[in-house]
Amino acid sequence: MLYPVLNSSRTLIDLSGIWSFKADDGTGFQQQWYANKLKNPMTMAVPASYNDQKESIDLRDHYGYVFYQREIAIPKTLEGQRIVLRFGAVTHYAKVYLNGQLITEHKGGFLPFEVEIQDKVKSQNNLLTVAVNNVVDYSTLPVGSEVGGNMLGGVLPPVPGVTPKKQNAPNFDFFNYAGIHRPVKIYSTPKKFIEDITIVPSLEGTKASVYYKIDTIGQGETTLTIYDEEREVVAEAKGNEGTFIIENVHLWQPLNAYLYAAEITFGEDRYEQSFGVRTVEVKDSQFLINGKPFYFKGFGKHEDFIAHGRGLDEVLNVKDLSLLRWIGANSFRTSHYPYSEEMMNLCDREGFVVIDETPAVGVNVNFGAMSGGGKRDTFEVLHTHQHHHDVVVDMIERDKNHPCIVMWSIANESDTTAFPESSYNYYKPLYDLAHKVDPQNRPVTIVGVQGEYKTDKTLPAMDVICLNRYYGWYIYGGDLNAAKQALSIELDYWKTIGKPIIFTEYGADTVAGLHLATPTMFTEEYQVEFLRANHEIFDKYDCFVGEHVWNFADFQTIQGIMRVEGNKKGAFTRDRRPKLAAHYLQNRWTQIPDFE
Ligand code: GCB
């Protein structure tokens, strides 16, 4: 699906702003709130999560649907054009109504969807209503509980006769923010139009041979003109599929990006797609970018900020990349869902290397909010299979042309060890699918949870071994010598698999401003010593190709006894102030080159 743009053949209208809003009280659908103007609505900014925009615990903890509404108009100048209504992301389930009619529905909170509206829309006063559901259950990604409860909130048994309020019990450790999270746009194209573009560069010495495929609707001629960054023409081609050559190619390099632009015309339509030329390969326990062993330095992040929740915030995106550069990082993982298209475009331009993750987090009934009782087979209990398949396909189709993306993560901390065969049978087809769908055939991984690693059949089947490990925090907390021993024992095992290893998470909760000369848990000093202890072991292994600290910044979670106003494992606070660890990391990372 192409990112919507404004150019000489396409119009773009941004519907960001203040919408009318009402949380469903159980009567919304029955009273057809979508067919009439909402009565006594609140104001609500779009794009953003709704949860933290108002001072209301009921809204923050709301369970179920909310309704967003506004009027839209279509300029008369667009008559005869194809007109598309497009949502960057609505979390987690959307029903879209135009003038009272359901025009589309979408499951999944982190990927775009769109619907043609030229035959459904009047020129003035169209009532657009979006009903948004935030429920996470056994069929959604991320996974949650269908009943009330709280992953972090209670250790004592419930009291008979008490009815707690119905809430989502997320099987994951980040606040279940919901709403219209990314921009809503109307765009137009000619009736005969460019539907999709696929670009697959490969490197032959000093030149690039670039395969391309243009999907078009209707009859017409397709032409391509390729420009470099100086806007000089470097190649041309005709037809919907083929190959062009770029001589003396400028590579897209980590933190040194170079983007070409493919200008495509098809009849009256045109579209400009940027792309970079770089190669990615896993070979001999190394992760190669442009043929050289790359070392990942960076973080698992979140889309999370004060008041916005998980809503797109381009200022924050620019700021975060600036802080990543400041700290000496070269990469991050989109934990635990695909980030906005705007962020991926920014990383293409700035040269940050990205591991792109599906929203498959919490696919594990033996962990978090769903654990308890005996071991159960996650893959028999949950019904995520079809949706998991869909998000792998949709994420890769959305992101396939981004040079910044070097690997796909098909899940975070799934249940790969309790029933190893079931896990393998669930994930191996998804691994194969990701390889099949990606025209650039990037490496595919799954991010592994700490546990009985020797029984795991799934992780060893991936291209890169990605491990989340908390030696010195959830295990041997406060005893960093024991942590180092345990870490060495585990890495000695993974080394024998013969694949590159990345630590995709390791971290310690740290309250900014809490200091002690003797490093103990939660102090800024302990976070530094925790990282130092981990690094001492990492540095002994040649097959170790990257370190992503958990987390870039403190972030919001559900309230409960495990989290003091959120997860505090950030190297930065939630408002992006560096903790002591950020200075320590800067010192380490500026001394480790991006390439060996
Ligand atoms: C993990 C999860 C991450 C949590 C983190 C923690 O393993 O992948 O979502 O936030 O641990 O801090 O517990």
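1. A pocket, on a 1 Å grid over the protein atoms alone, is an open set of points where a 1.4 Å probe fits, with protein on both sides within 12 Å along at least five of seven lines; its lining residues have an atom within 4 Å of a point. The second largest pocket here is lined by 27 residues, and Tyr3, Tyr271, Gln273, Ser274 and Asn345 lie nearest its centre. Its volume is about 640 Å³, a volume being the space filled by probe spheres set on the points, which are joined across faces, edges and corners.

2. This is a predicted model, in which local features need pLDDT of at least 70 and side-chain atom pairs count only at pLDDT 80 or more, while totals for chains, interfaces and linings use all residues. Residues are numbered from 1 along each chain as its sequence is written, and side-chain values use heavy atoms, with hydrogens and water left out.

3. The domain assignment gives domain 1 (12-136 + 171-188), domain 2 (192-278) and domain 3 (290-589); such bounds come from an automatic or database assignment. Taken over C-alpha atoms, the centres of domain 1 and domain 2 are 35 Å apart.

4. Which domains each supply at least three residues to the lining of the second largest pocket? They are domain 2 and domain 3. Among the helices and strands (DSSP runs, H or I of at least four residues and E of at least two, numbered from the N terminus), α3 (341-350) is one of those giving at least two lining residues, and α3 gives the most, six. The lining has ten nonpolar, six polar and eleven charged residues. Here Ala, Val, Leu, Ile, Met, Phe, Trp, Tyr, Cys and Pro count as nonpolar, Asp, Glu, Lys and Arg as charged, and the others, Gly among them, as polar.

5. Helix α8 (residues 524-538) and helix α9 (residues 580-589) have axes that come within 8 Å and cross at roughly 30 degrees. That makes α8 roughly parallel to α9 (angles under 35 degrees, between N-to-C directions on a scale from 0 to 180 degrees, with axes fitted to C-alpha atoms over the stretch in contact). Residues in contact (heavy atoms within 4.5 Å) include Leu531 and Arg532 in α8 and Tyr584 and Leu585 in α9. By class, this contact has six nonpolar, two polar and four charged residues.

6. Most residues other than glycine have a negative phi, and most peptide bonds are trans. The bond from Val46 to Pro47 is cis, with omega near 0 degrees, and Pro47 lies in the loop between β3 (42-46) and α1 (57-60). Asn40 has a positive phi, near 50 degrees.

Conventions: Angles under 35 degrees count as roughly parallel, over 145 as roughly antiparallel, 65 to 115 as roughly perpendicular and the rest as oblique.
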